[in-house]
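Biologist: I have a model open and would like to go through it. Can you take my questions one at a time?
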Amino acid sequence: MKHSTFVAVLLFLASAVGALTAAWLYIRRREKELDEYEQLLFSEDFDDEPASAEEDVDAADEVQEPVDEA
């Protein structure tokens, strides 16, 4: 095998390893971002059921103070 062929094969293998490493690092970073988003989306602090319209009206009535009519 010629010296130039050996160098070409070695450079090809090095570039393939570099591309695979870059892809692995990118996928690992995206997985961390998705895990963080999933944790925020499905955390215990998140209220699964939004308040109904009746509950909103009842809560608004409790907050308002009665008006004195004189």
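Biologist: Is Glu33 buried, partly exposed or exposed?
Modeller: Glu33 counts as partly exposed, at 38% relative accessibility. Buried means under 20% relative accessible area, exposed means over 50%, and partly exposed is in between, with a 1.4 Å probe and protein chains only. This is a predicted model, where local features need pLDDT of at least 70, side-chain atom pairs count only at pLDDT 80 or more, and totals for chains, interfaces and linings use all residues. Residues are numbered from 1 along each chain as its sequence is written, and side-chain values use heavy atoms, with hydrogens and water left out.

Biologist: What does Glu33 form with Arg30?
Modeller: A salt bridge, in which the closest N and O atoms are 2.9 Å apart. The term means a side-chain nitrogen of Lys or Arg within 4 Å of a carboxyl oxygen of Asp or Glu. Arg30 is partly exposed too, with a relative accessible area of 35%.

Biologist: How many salt bridges does a search of the whole structure find?
Modeller: One.

Biologist: New topic. How many helices and strands does the protein have?
Modeller: Two helices and zero strands. Helix H1 covers residues 3–41.

Biologist: What does UniProt say about residues 6–27?
Modeller: An unreviewed UniProt entry annotates them as "transmembrane region". Positions are in the numbering used here, feature names are shortened, and annotations may be inferred rather than shown by experiment. In the model, that span is 100% helix and 0% strand, and its end C-alpha atoms lie 32 Å apart.

Biologist: And what percentage of the protein's residues count as buried?
Modeller: Of its 70 residues, 0%.

Conventions. Helix = DSSP H or I, 4+ residues; strand = E, 2+ residues; numbered from the N terminus.
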